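Please look at the fold below.

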Amino acid sequence: MDDAQLIANAEMSPCVGVCKTDQTTGWCFGCGRTDAEISQWQGYAELERAGIHDQLIVRVQETMQRRRSERGVNRRGRRAS
């Protein structure tokens, strides 16, 4: 793979620069991928990436919803009364 292909592939990464893993699920808080998915992302075929990508938004939403619930915080970031 040449440099142009590597750059193009990197630009297709779902990474948003929030690289912290949820201890309960193993999903990244920013992009929703697991550590294995992150490290193997460039090696996945386009179809594999697409299949994982479809799950990422749901993963991030589920993780954030669970964490808000654990902290007693509503969707607007305010403590539930």
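The model is a predicted one, in which local features need pLDDT of at least 70 and side-chain atom pairs count only at pLDDT 80 or more, while totals for chains, interfaces and linings use all residues. Residues are numbered from 1 along each chain as its sequence is written, and side-chain values use heavy atoms, with hydrogens and water left out.

Glu37 belongs to helix α2. Its relative accessible area is 11%, so Glu37 is buried; buried means under 20% relative accessible area, exposed over 50%, and partly exposed in between (1.4 Å probe, protein chains only). One of its contacts, Arg59, is also its salt-bridge partner, with the closest N and O atoms 2.7 Å apart. A salt bridge here is a side-chain nitrogen of Lys or Arg within 4 Å of a carboxyl oxygen of Asp or Glu. This pair links distant parts of the chain, since Arg59 sits in helix α3 and Glu37 in helix α2, 22 residues apart. Both Arg59 and Glu37 are buried.

The protein chain as a whole has three helices and zero strands, in the order α-α-α along the sequence. Helices (H or I, at least four residues) and strands (E, at least two) are DSSP runs, numbered from the N terminus. Of the 81 residues in the chain, 23% are buried. Among contacts with a separation of 6 or more, 40% are between residues 24 or more positions apart.

How many salt bridges does the structure hold? There are three. Besides the one described above, Asp22 and Arg66 meet through their side chains at 2.8 Å, N to O. Asp22 is buried, at a relative accessible area of 2%, whereas Arg66 is partly exposed at 22%. Arg66 also forms a salt bridge with Glu70 (3.0 Å, N to O). Those two residues are both in helix α3, four residues apart, or about one turn of the helix. Glu70 is exposed, with 54% relative accessibility. Through shared partners, the salt bridges join Asp22, Arg66 and Glu70 into one network.

Arg33 presents another case. This residue is in the loop between α1 (3-11) and α2 (35-40). Arg33 is buried yet has no salt bridge, and the nearest side chain of opposite charge, Glu37, is 6.2 Å away. Lys and Arg count as positive and Asp and Glu as negative, while His and the chain ends are not counted. Beyond four places in sequence, the residues that Arg33 touches include Trp41, Leu56 and Arg59.

Helix α3 (residues 46-71) also contains Val60. The C-alpha atoms of Val60 and Gly32 are 5.1 Å apart, although 28 residues separate them along the chain.

The structure has one aromatic pair. Trp41 and Tyr44 form it edge-to-face, at 6.1 Å centre to centre and 80 degrees between the planes. Rings of Phe, Tyr and Trp (its six-membered ring) pair if their centres lie within 6.5 Å; planes under 30 degrees apart count as stacked, over 60 as edge-to-face and the rest as tilted. Trp41 is buried at 2% relative accessibility, and Tyr44 is buried at 16%.

Notes
Contact = heavy atoms within 4.5 Å.
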